[in-house]
Amino acid sequence: MLQKQLNTPLGPMTALSDGLSLNGLWFVDQKYYGSTLPKLTLLGQRPIFTKVQAWLDAYFAGEDPTVDFPVQPAGTPFRQAVWTQLRQIPYGEVTTYGTLATVVGDQLGHLVGAQAIGGAVGHNPISLVIPCHRVVAGDGNLTGYAGGLARKQALLRLEGQLKTNEDHVNFPGTP
């Protein structure tokens, strides 16, 4: 596995790749940093890192860039199901832990608790590309971002969900 430090306006990130796919992307000071980072990784340059840096640059320029590189996070089947649903949340929109629990539960054929969803969301090994920052509490409060609340606010503000340093989003049809 190869790793490379990439730069963003919200701080450096470490990218992990098998040389072909993006396998990890973490802010260097976030909770669960490198949770799937193998003990032995080499620093290196591969085309995947150039593509990920270009994606990050476009994202932080306020664009909604297409993920045009393979993404393969390592995780349990349950976490994979949650991360797949996270990738379905459109740019500039949010969903709740409860909604994700319902969708994933329906997909798996059994009830899933919002806490279990929160655990999977919090352990997302590919920040931003798998947009876990787009998940909020049922009442719209910002909670549970491994990169920190200030980063979650900045990301949602970039995507148009927050106007200032708020810690709450309003869903359509709510005051």
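These legends walk through several close-up views of one protein.

**Figure 1. The whole chain at a glance.** This is a predicted model: local features need pLDDT of at least 70, side-chain atom pairs count only at pLDDT 80 or more, and totals for chains, interfaces and linings use all residues. Residues are numbered from 1 along each chain as its sequence is written, and side-chain values use heavy atoms, with hydrogens and water left out. The protein has five helices and six strands; helices (H or I, at least four residues) and strands (E, at least two) are DSSP runs, numbered from the N terminus. Reading along the sequence gives the pattern β-β-β-β-α-α-β-α-α-β-α. Of the 175 residues in the protein, 47% are buried; buried means under 20% relative accessible area, exposed over 50%, and partly exposed in between (1.4 Å probe, protein chains only). Among contacts between residues at least 6 apart in sequence, 59% join residues at least 24 apart, where contact means heavy atoms within 4.5 Å.

**Figure 2. Aromatic rings around Tyr59.** Rings of Phe, Tyr and Trp (its six-membered ring) pair if their centres lie within 6.5 Å; planes under 30 degrees apart count as stacked, over 60 as edge-to-face and the rest as tilted. The count by this rule is three aromatic pairs. One of them joins Tyr59 and Phe60 edge-to-face, at 5.2 Å centre to centre with 85 degrees between the planes. Tyr59 is buried, with a relative accessible area of 1%, and Phe60 is buried at 17%. Tyr59 also forms an edge-to-face pair with Tyr91, at 6.1 Å centre to centre and 80 degrees between the planes. Tyr59 lies in helix α1 (residues 47-60) and Tyr91 in the loop between α2 (77-86) and β5 (95-96), so this pair ties together parts that are 32 residues apart in sequence. Together, Trp55, Tyr59, Phe60 and Tyr91 form one aromatic cluster.

**Figure 3. Where α2 meets α4.** The axes of α2 and helix α4 (residues 114-122) come within 9 Å and cross at roughly 80 degrees. Here, axes are lines fitted to C-alpha atoms, for helices over the stretch in contact, and angles run from 0 to 180 degrees between N-to-C directions. On the α2 side, look for Phe78, Arg79, Val82, Trp83 and Leu86, which meet Ala116, Ile117, Gly119, Ala120 and Val121 in α4. The residues of this contact of α2 with α4 divide into eight nonpolar, one polar and one charged. In these groups, Ala, Val, Leu, Ile, Met, Phe, Trp, Tyr, Cys and Pro count as nonpolar, Asp, Glu, Lys and Arg as charged, and the others, Gly among them, as polar.

**Figure 4. Where α3 meets α4.** The axes of α3 and α4 come within 8 Å and cross at roughly 100 degrees, which makes α3 roughly perpendicular to α4. Tyr97, Gly98, Leu100, Ala101 and Val104 in α3 meet Ala114, Ile117, Gly118 and Val121 in α4. The residues of the contact of α3 with α4 divide into seven nonpolar, two polar and no charged. The buried residues of α4 are Ile117, Ala120, Val121 and Gly122, and what covers them includes α2 and α3. Thr99 also lies in helix α3 and counts as partly exposed, at 40% relative accessibility.

Figure 5. Which residues are buried in helix α5 (residues 149-158)? They are Arg151, Lys152, Gln153, Ala154, Leu155 and Leu156. Their cover includes β3 (22-27), α1, α3 (97-108) and β6 (135-136). The charged end of Arg151 sits over the ring of Phe27, 4.1 Å from its centre; a charge sits over a ring if NZ of Lys or CZ of Arg is within 6 Å of the ring centre and within 35 degrees of the ring normal. Just after α5, Gly160 takes a positive phi of about 90 degrees.

**Figure 6. A closer look at Leu128.** Leu128 is found in the loop between α4 and β6. This residue has a positive phi of about 70 degrees although it is not a glycine. Is Leu128 buried or exposed? Leu128 is buried, with a relative accessible area of 2%.

Key. Angles under 35 degrees count as roughly parallel, over 145 as roughly antiparallel, 65 to 115 as roughly perpendicular and the rest as oblique.
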